[in-house]
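Trainee: Could you walk me through this structure, one question at a time?
Mentor: Gladly, let's look at it together.

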Amino acid sequence: MKKIFVSSVLLTAALLPGVSQAEGATVSNNLVTGKPTEIRKGATTAYPLVAKIGSSQQVSVQDTFINSSGEVWYRITAGKYTGWSLANHFPVITNGFTLGKPATISESIVNVRKGASTSYAIVAKLSKGQQVSILDSFRTSSGELWYRIKTGNSIGWVLSSLVTVNDGSTFTPVAAAKPATNIAGLPTVGSYYTITAASLDARKGAASSYAIVAKVTKGQKYKVIGQFLHKNGEGWIRIQINSKLSGWIPVLKAAEVKPPANIPGLPTIGSSYTIPVASLDARKGASTSYAIVAKVTKGKSFKVISQHMSPTGDGWVRIQISATLAGWIPIPKAAEEKPPANIPGLPTLGSSYSIAATTLNVRKGASTNYAIVTKVTKGQSFNVIGQYMSPTGDGWVRIQVSSSLAGWIMVKQGTVSTPAPSTTMTVFTRNAVLYSNAGFSGTTVIERIPYLSKVSLFSDTKTVSGVTWVKIKTAAGNTGWTPNYEVASSQANLTHVYALKNAAVRKSATTSAALVVTLAENQQILVLNEYNGWLNVETGAGKRGWVLKTQTSPYTTKRLFSPETYISNNDVYLRWQKPSTLNLAYSTPAANQLKIYGGLSDVEIPSFAVKGIKSIQKVAANTTEKAVLITFQPGYSFTIRNYNNNITIKVVQSGLAGKRIILDPGHGGKDPGAIGPTGLREKVVVLDTALILKAELERAGAIVTMTRSTDVFLELAERTAISNSSDGDAFISLHTDAFNEKTNGTTSFYNTTVNFNGLASKELANAIQKNLIVSLGTYNRGVKEEAFYVNRMNELPSILVEMAFISNPSEEALLKTTAFRQKAAIGIKNGLQEYFNK
Ligand SMILES: [Zn+2]
């Protein structure tokens, strides 16, 4: 019996996680029951029944409590009974105001807060016209009337002037609007309070669980604008720190004013106690060793004036027997407190429970939110001294681990509360915290989640004050809530920005907030959240704070990242990822160098070596931008490709051998190209020349791809598609020119306006033109910039060669000969050789 009593007291602690301390300020006075109502020992239906009272009974309310499943319970006194009842059993307050009364939000945006003051955290935002139901009301010490409302799943407080009661009734709270009465023992509202402690944290609310808004120090003087006295006697005052900021500081310790707290399980002081047994001795003291002062009999009621609980768990109360006589009577536990029925499905009280799991956490309370007090292992057996079934079906038992230690273990996992976590995420932030609930206030810290640790994500999300929270299970096995920006499925999903020079990270999103750290130019910072033009950021060193968005620059548009090297088709590649918006270009500052630039603010320099590359350096492109400078080892060069999301450098050895060449004989099929005076068709000349060139190149060790090797028609886009989808090093389109009979000569064209490889194309054109002229002996018309489709839309170093004028009779005659075609092939091959020997 004794054990049972102890466990029922401890159950109170097990249910605490949902409690919102500051909400205890709200107490209504007299309520009338709507229907027959149960009174229980604690604020959940898991507690033993104290009594049942009928409908329309008047009760007085001493306290309110929100249990861990969100139910509001009132601690009430109804006649001789005291205990807890579900608040929604009391639809009517004695002045006629109905609980749960429908009302409408009457302003455009209304904040719903955790408590009845603007200093409380916002739990929801409502807009005009939204329907709510009013659950309760509270008049603050400054005279404001607040309604406690429910909307959807949110319960909180709104200023009454922002809500219209649908039936048009006006409502004055149960505690009639009184002028603010100062709480005895606390500095009065309106007075000035001088800080006596060396340093004190001013907080958002009147409890140390609230966020710190400022620090105040000894000797500073502030106006008192609010008071709050906790039921344990802890006193807080709200002070005006500056014109914009106020906060709560503690001024009275709980112990200093603590009234004798009511002992749970005993009739409360001030209540009326009815003798439940035939006869009881009232004694001078709270033990049978004291003298009897009177006898009291069954059915008689007496006022309780004191309580005592002996170390062995025997409860006594002191009752006022008459105007002049008081005495102590024992509270017969058996009569008043039936042993709590065993909860079906859980190990029975008093039984021995053997641990089946390899290892099990023993916790302070019956929830994974509680601290672990010890671990027990498979095969160990313990006496069951308490049971608890959570609203979601988690079954817990309290076990006696040793003579001095007891704790809770989970023995049955509910199905509702723990859906299988779906996704594994990584904590990429350095200050991640696991909270018992979604929201920074009114919630407890369960764990600091280690950087880069893995967590399992449940599907539950909640949005509180603009922050989306996710339910997770950490590697340590704790389940709770954290803002969604603390976790990501991969690093690629993180948002970074660059700092501008001297960008200031501040404690909060205002320029008057204290400085956390000053950032270096282009310092990379992780963005957690955005609010009102400010970014909530974390630096690589783990400093957190707020920076003005205007003091940052976008990250993803300016960086070469994730460098890698790989081998494909026997060629060595170096590749960087890049954002598609980046407009890159390159130059060759020296014969053995490649410089990539174009709007870069950063380049991730690889930590690995690449065969054929001597060095990779991040250098200045200009005063504001960066570039990457690649210096090749002697005998090595490159072919570069600018893809949408990466830039790829093929590191190649000098020489024609091993190079991949795409040859494009112009025209073909239905398109004869230009036709000479005697009827020679361009498509025939260029195909034959290309086939000769192919053989020459292959003899030199090159690998040749033909866009066409027969008399077929190809669209221009088909020709560039063959080139662009290849891993080629050069593209050459062969043509013969046409104008009039007199015009003659050889020309090589290239494009730099669109083709990323314009620079290489021009070099290629120069090399081939020079060698063609030597080989053919034709008139040198030079190299020319032109926007031919096959060059413009080509991504490789690409040229178009007009070998000679088919419209010129003497050049047409040359073009007819195999000798001329062979000379052209040799000239182009020599040009390629020169180009690849660079
Ligand atoms: Zn042509």
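Trainee: In what order do the five strands of the open sheet lie?
Mentor: Before we start, this is a predicted model in which local features need pLDDT of at least 70 and side-chain atom pairs count only at pLDDT 80 or more, while totals for chains, interfaces and linings use all residues. Residues are numbered from 1 along each chain as its sequence is written, and side-chain values use heavy atoms, with hydrogens and water left out. Strands are DSSP runs of E with at least two residues, helices are runs of H or I with at least four, and both are numbered from the N terminus. The pairing in this open sheet is mixed, and the order is β51-β47-β48-β55-β54.

Trainee: Which are the edge strands?
Mentor: Two strands pair if DSSP finds at least two bridges between them. An edge strand here pairs on one side only, and that describes β51 (602-603) and β54 (636-642).

Trainee: Which residue in β51 is the bridge partner of R559?
Mentor: Strand β47 (residues 559-568) and β51 run parallel, joined by two bridges. R559 has its partner in β51, and that is D602.

Trainee: Is S601 buried or exposed?
Mentor: S601 sits in the loop between β50 (593-600) and β51. Buried means under 20% relative accessible area, exposed over 50%, and partly exposed in between, using a 1.4 Å probe and protein chains only. S601 has 6% relative accessibility, so this residue counts as buried.

Trainee: Which residues are the protein donors of the zinc ion?
Mentor: Donors are N, O and S atoms within 2.8 Å of the metal (3.2 Å for Na, K and Ca); water is not among the atoms, so sites may look incomplete. Along the chain the donors follow the spacing H-x14-E-x52-H. They lie 2.0 to 2.2 Å from the zinc ion, and they are H667 (NE2), E682 (OE) and H735 (ND1).

Trainee: How many residues apart in sequence are the parts that H667 and H735 tie together?
Mentor: H667 is buried, and H735 is too. H667 lies in the loop between β56 (660-665) and α4 (682-699), whereas H735 is in strand β58 (residues 730-737), so the parts this pair ties together are apart in sequence by 68 residues.

Trainee: What distance separates the end C-alpha atoms of helix α9?
Mentor: The expected span is 1.5 Å times one less than the number of residues. Helix α9 (residues 818-836) has 19 residues, so it should span 27 Å; the model agrees, with its end C-alpha atoms apart by 27 Å.

Trainee: Which elements do the buried residues of α9 pack against?
Mentor: The buried residues of α9 include F820, A824, I828 and L832. Contact means heavy atoms within 4.5 Å. The packing partners are β56, α4, β58, α6 (758-776), β61 (798-805) and α8 (809-816).

Trainee: How many residues has the largest nonpolar core?
Mentor: A nonpolar core is a set of buried Ala, Val, Leu, Ile, Met, Phe, Trp, Tyr and Cys residues joined through side-chain atoms within 4.5 Å. L832, one of the residues with the most contacts inside the largest core, touches I661 and I732, among others. The number of residues in this core is 62.

Trainee: What is the mean pLDDT of the protein?
Mentor: pLDDT is the predictor's confidence in each residue, from 0 to 100. In this protein, 88% of residues reach 70 or more, and the mean is 83.

Note on methods: Lists of a residue's contacts leave out its neighbours within four places in sequence.
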